[in-house]
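Work through the exercises below with the coordinates open. Each has a task and a solution in steps.

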Amino acid sequence: MSRVNTELCYQIVKEYYGEIVANVASFLIRSKSSSLGVIVQRTCYDSKQVKQALLTLIKQNIVTFSQTKSGSIEYTAKPEAILWILRFPNYIHCAKTLFGDAAELLVEELLLQGQTDLGSAVVKTTNKLNESLRSSGSNLPEISQSLIRDKAVLLVKARLIRRCEDVILGKSGQFGVAVSEVTEPEQLFLLPTAIDFETSPGLKRPASDNMESKAKRIKLEAGEANEQEENKVHKSQGPGYWRVNVYQFHHHFRDQVIIAAVAKNIDQRASEVMRTMLRLSETRSNPLSLESEPLSFTEISNAMPKDKILQKNMLDQYLKCLSDNCYNFVTKVGESGGGLYQINIFKAIKAICVSHIETIVLERFGSKALRMFRVLLTDKQVEQKQVEERAMLPPKEAKELLYKMFAENFITLTELSKTPDHAPTRTFYFFNVSLIQVSRMILERCYQAISNMMVRRQKCLSENKRLLDKQDRVEAIIASLDAEGAIEQKEEVEQMVTPSEKAQLKKISDAAKTLELSEIQLDQTIFILETYLSYTLHPPEVKK
Amino acid sequence: MSGRGRGRGRGASINLEALGLGRGEILPTVAQPPPLYPPLLFKPVPLVTTDDYNYILNLKQELRESFHKSPYFIKEPNKVKDIVRYSDKYQLGLNDSSTNWMPDWTRFPSELKEKVKRKRAVHFVKPNIKKAKVAQVEDVSKLLEKLEDTDAKSVNMEEVEGHDGDEEDKKKEKEEGEEEEEEEVDDEDVEEETDYNLDYFDNGEEYGDDDEDDDEGPTY
């Protein structure tokens, strides 16, 4: 975890959960894992505050805990979970585009609560929807809870939400001691049963159930060997806890990026072909594999959406086009079934990542530098003279730009000495681009940039706190006057904000908006870089 | 001095031309640190603003608002700015957001559970509203005599008091017992407060305030 990354995590947690939680979280990130006592000691907060902060962090899936051999409990932070907070609006938006408003609100509720039972989430979503229906004044009938429940089941089927990992209970059976490891990923996506839609776990459970679990607890103490299994039985009785499955969302984003790239590179129809192929392979292949399972021509042709159906020869041409141009997004692997095609997911992601980096080089150093950068990318190891020649640039200009890029770590240098003394005259100097290193460097800068923007925005808001407070107050008064219907007074109150103040307020909100919008768009670059790096760093196991 | 011979001409062995510098070119001298805000050579491209992005932006702002309102946002208790006020203790709404979240303890370690304080039975100390007796001249002289007596017979007095003293001790023990119970109830409060401010030093001002100590048994 780099310093920049820790700082960003601190800023994010501070913005969403307050400063106390942020300090606890950043301490946990720095220290990897530690016990309650150490956290209290190091963060200089009351033990009460630290406990509250930890509860929040655990509930929001940022911190997990486990029991050490000595019996004490260790807390570990997951920094990546903090960075996902930046993507929350994207998840909600994605749920909306895929499954509609109800799904949007359900996902929003789950994100807000971190972990929650489906019952109360469904109730809250239904209430919200009905409220908005009422306020819009439409005459549509009220939405029933069963409809939302169906939506929830749909979301589970699409793997967008999942069960939380079970918590292993301590000996008393009342408190958790550790978050259990998931051994069977399928278990997390078991469809919700009726019991999952019960509201408020533990509170409304019938007394007989309590008795039962008590008996179970006694049993537990008797036979410790099968403690874990017993616990599972015990857990499955109550409504389970659910959370958003971010990986599936990332999966979807990745597919979306690939489709957009195809649309830009070839045309809209080709992107439809790609979309169909991705949808087909989604259920079949391992989401982490580098290539999808092979898909046959007839399969693709049958699965195309009805309104965008293509002639057989057209589809054939598009597939050929996809496999020839477009950085080999698709390859033909066989002839059976009218031709077997495979999506090269890694190649696609790599190409998209490279084009992102190229754009950054273009914007930072200009088009001439980009020409040299491309020469280095295609020819791997190139001497300075060759770079000049191939990029067709005068030596002086080329030198300047090349060294500038070298100084900013976009390109690297390899020394190859003919003699062991590394004398400069007898040494070859090869320039090259290490894609992984450049991606990491840019990623780090993105983190830094987001953190800077957050600081700037907070500063901007805190500097004008008085004015913003005033605006809030005036708005509250206007709202209350509106309710009473006093129009004359309303105008009077409206004039309390002077024109110059209004201009200032507009300036602030515009600045904040721009900063926030750039946060969102920067996060997309981060997403692509992270996806590319995750493919290179953890190469998935090859299926045999 | 054997190193000298080999070291000669070391500077010249770096062929500047191999590094790409021409014969006439002079290396630029760097005499000062780079400027804090170097001029931007390339202006950044404007942000993309589509409907989708605006929607996501609104979502982000709403989501942040709702996080701020949620019980998971822990506000820092207001820092004491100038002086500690008595009313600070009774300021409501500092952490009331945290009260409406009830964790399901089967999913959290027990050590995170705040011990619930038993409400302490409030013992109202009765204010002493008896009017002070107006000392009469005779009383004063009697009192003086008595005091003289006590001074003289201090040794004897202790023997006489022995019996009553036992009773008093018992009373005290009882009271102490009660106090201990109270102390157990709010252990944490006591932990936080040290006894630095308590004044054990008796400056003798309370000496002779017999009239107010009527309940504590007879005086001699």
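Predicted model: local features only at pLDDT ≥ 70, side-chain atom pairs only at ≥ 80, totals over all residues.

**Exercise 1.** Describe the contact between chain B and chain A by its residues, its buried area and its polar pairs.

Solution. 
- Step 1: Chain A brings 67 residues to the contact and chain B brings 46 residues.
- Step 2: About 5500 Å² is buried between chain B and chain A, and carbon and sulfur atoms give 62% of that area.
- Step 3: The salt-bridge rule finds three across this interface. One of them joins Arg64(B) to Glu15(A), with 3.3 Å between the closest N and O atoms; the cut-off is 4 Å.
- Step 4: Residue pairs in polar contact between chain B and chain A, both at pLDDT 80 or more, come to 16.
- Step 5: On the side of chain B that touches chain A, helix α3 (residues 51–69) of chain B gives the most, with 13 residues.
- Step 6: Sorted by class, that side of chain B holds 24 nonpolar, ten polar and twelve charged residues.

**Exercise 2.** Give the strand order of the open sheet of three strands in chain A, and explain why β12 and β13 of chain A stand at the edges.

Solution. 
- Step 1: The order is β12-β14-β13 (chain A), and the pairing is antiparallel.
- Step 2: β12 (382–383) and β13 (412–417) of chain A each have a single partner strand, so one side of each has no neighbour in the sheet.
- Step 3: Six bridges link β13(A) with strand β14 (residues 427–432) of chain A in the antiparallel sense.
- Step 4: For Leu413(A), the bridge partner in β14(A) is Phe431(A).

**Exercise 3.** State how many helices and strands chain A has, and what share of its residues count as buried.

Solution. 
- Step 1: Chain A has 23 helices and 14 strands.
- Step 2: Chain A has 544 residues, and 48% of them count as buried.
- Step 3: Among contacts in chain A with a separation of 6 or more, 64% come from residues 24 or more positions apart.

Technical notes:
Residues numbered from 1 in each chain as written. Chains lettered and ligands numbered in written order. Heavy atoms only, no water. Contact = heavy atoms within 4.5 Å. Buried area = accessible area lost by both parts, 1.4 Å probe. Salt bridge = Lys/Arg side-chain N within 4 Å of Asp/Glu carboxyl O. Polar contact = N/O pair within 3.5 Å; in protein donor to acceptor, adjacent residues only side chain to side chain. Helix = DSSP H or I, 4+ residues; strand = E, 2+ residues; numbered from the N terminus. Nonpolar A, V, L, I, M, F, W, Y, C, P; charged D, E, K, R; others polar. Pairing = 2+ DSSP bridges. Buried < 20%, exposed > 50% of the residue type's maximum accessible area, 1.4 Å probe, protein only.
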